[in-house]
Amino acid sequence: GDRLRVVRSASDARRDGRDDFMFWLCLDGSTRFEQCGRIVELAPGDMMLHDQAYPFILEFGHTSRTTMITIARPLLTLRAPRAELLTARRIAASSPFATFARGLVESCVHSDSALPQHVAGRLANAALDIWSTTLEGTFPTSATSIRAHRRLEAAKKYMLAHLGNCELNLETIASAQNMSERTLVRLFALDGQTPMRWLWGKRLAHSHRLLAEHGVARVTDAALDSGFSDMSHFSRAFRTAFGSLPLEVLKGKSDI
């Protein structure tokens with residue numbers, strides 16, 4: 001029968017401004033998805049990752065039923081730094097990771113909304129850990145230089161260790177790692193990232209976790225601990241990333 005076709009152009013993506021990922025589970029029928037030059041065909045039980053920030057072409061079969069989980073970009077890239085490179089790739093229903101990942105998608109969709117906020121937050125973090133492990137375990141790092149990968153991981157480790165330093169920049173990071181700024185940028189390009197965008201995402205995700213799990217008593221503490229010195233700038237960036245104000249997450253009034 002006829003297929004429903006949805007096309008999102010580059011201009012559509014720019015106008016829309018949504019920057020989330022979507023984790024898909026095909027329940028019935030067939031779904032065809034194309035993004036970043038990759039094409040994936042999903043059958044029942046298959047899963048994939050979709051990036052709303054980039055153009056795509058989506059086709060649903062005559063009979064098609066899917067479930068989608070929206071994930072804020074910083075929450076996924078904190079756990080799966082290569083997420084942008086893993087879109088439009090089929091996670092087969094028979095994959096060793098699929099059973100756990102699929103079960104969590106179904107559980108999230110049918111979860112009891114009456115769960116206490118701190119419990120729901122912990123379960124959501126556990127689900128994100130499983131989905132990111134599924135993605136990176138199914139699509140392991142290709143033949144990238146082992147040395148380059150180790151240098152990249154060392155730079156990330158340094159940045160995470162100094163997350164609260166609001167003066168951290170390309171120059172200080174590169175100097176601490178005994179490399180040029182250009183080399184640092186090239187290393188992060190292996191993950192489809194820039195150093196500062198990666199750091200920004202980690203800071204936002206860290207602040208969200210502190211607030212959601214009540215690791216701090218005040219929004220200011222979460223911001224400062226995560227390397228933000230300008231509170232109004234922090235609130236705007238947080239709301240853009242997560243769709244809620246920091247205080248709403250701290251008080252358990254967020255849907256995230």
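Residues are numbered from 1 along each chain as its sequence is written, and side-chain values use heavy atoms, with hydrogens and water left out. Because the model is predicted, local features need pLDDT of at least 70 and side-chain atom pairs count only at pLDDT 80 or more, while totals for chains, interfaces and linings use all residues.

Helices (H or I, at least four residues) and strands (E, at least two) are DSSP runs, numbered from the N terminus. Two strands pair if DSSP finds at least two bridges between them. Strand S1 (residues 4-8) runs antiparallel to S5 and is joined to S5 by five bridges; Leu4 has Phe60 as its bridge partner in S5. Strand S2 (residues 21-35) also pairs with S5 in the antiparallel sense, over 12 bridges, and here Gly29 has Ser64 as its bridge partner in S5.

Glu59 lies in strand S5, which spans residues 56-71. Is Glu59 buried or exposed? Glu59 has a relative accessible area of 13% and is therefore buried, since buried means under 20% relative accessible area, exposed over 50%, and partly exposed in between (1.4 Å probe, protein chains only). The side chain of Glu59 makes a polar contact with the side chain of Arg5, at 2.6 Å. A polar contact is a pair of N or O atoms within 3.5 Å; within protein, one must be able to donate a hydrogen and the other to accept it, and residues adjacent in sequence count only if both atoms are side-chain atoms. When neighbours within four places in sequence are left aside, Glu59 is in contact (heavy atoms within 4.5 Å) with Arg3, Leu4, Arg5, Ser30, Thr31 and Arg32.

Thr31 is found in strand S2 and is buried, with a relative accessible area of 1%. The side chain of Thr31 makes a polar contact with that of Ser64 (3.3 Å). Not counting residues up to four places away in sequence, Thr31 touches several residues, including Val40, Glu59 and Phe60. Val40, in turn, has its place in strand S3 (residues 38-42) and is buried at a relative accessible area of 4%. With residues up to four places away in sequence again not counted, Val40 touches Thr31, Arg32, Phe33, Met48, Ala88, Arg89 and Arg90.

The next topic is the nonpolar interior. In soluble globular proteins, nonpolar side chains tend to be buried together. A nonpolar core is a set of buried Ala, Val, Leu, Ile, Met, Phe, Trp, Tyr and Cys residues joined through side-chain atoms within 4.5 Å. The largest such core has 39 residues, and those with the most contacts inside it are Phe23, Ile71, Leu76, Trp131 and Leu211. Another core, of 14 residues, lies apart from it, with Ala148, Leu168, Ile173 and Met179 among its members.

Helix H7 (residues 181-189) contains the buried residues Thr183, Leu184, Leu187 and Phe188. These four lie on the same side of H7, because they cover an arc of only 135° around the axis; the arc is that of the directions from the helix axis to the C-beta atoms.

Charged residues complete the account. Side chains of opposite charge can pair when their charged atoms come close. A salt bridge is a side-chain nitrogen of Lys or Arg within 4 Å of a carboxyl oxygen of Asp or Glu, and by this rule the count comes to 14. One of them joins the side chains of Asp12 and Arg15 (2.6 Å, N to O). Because Asp12 and Arg15 are three residues apart in helix H1 (residues 10-16), about one helical turn separates them. Asp12 counts as partly exposed at 27% relative accessibility, whereas Arg15 counts as exposed at 62%.

Another salt bridge joins the side chains of Glu136 and Arg82 (3.9 Å, N to O). This pair links distant parts of the chain, 54 residues apart: Glu136 is in helix H4 (residues 117-138), and Arg82 is in the loop between helix H2 (73-77) and helix H3 (98-109). Glu136 is partly exposed, with a relative accessible area of 26%, while Arg82 is buried at 12%. Finally, a network of salt bridges links Asp19, Asp51, Arg73, Glu84 and Arg197.
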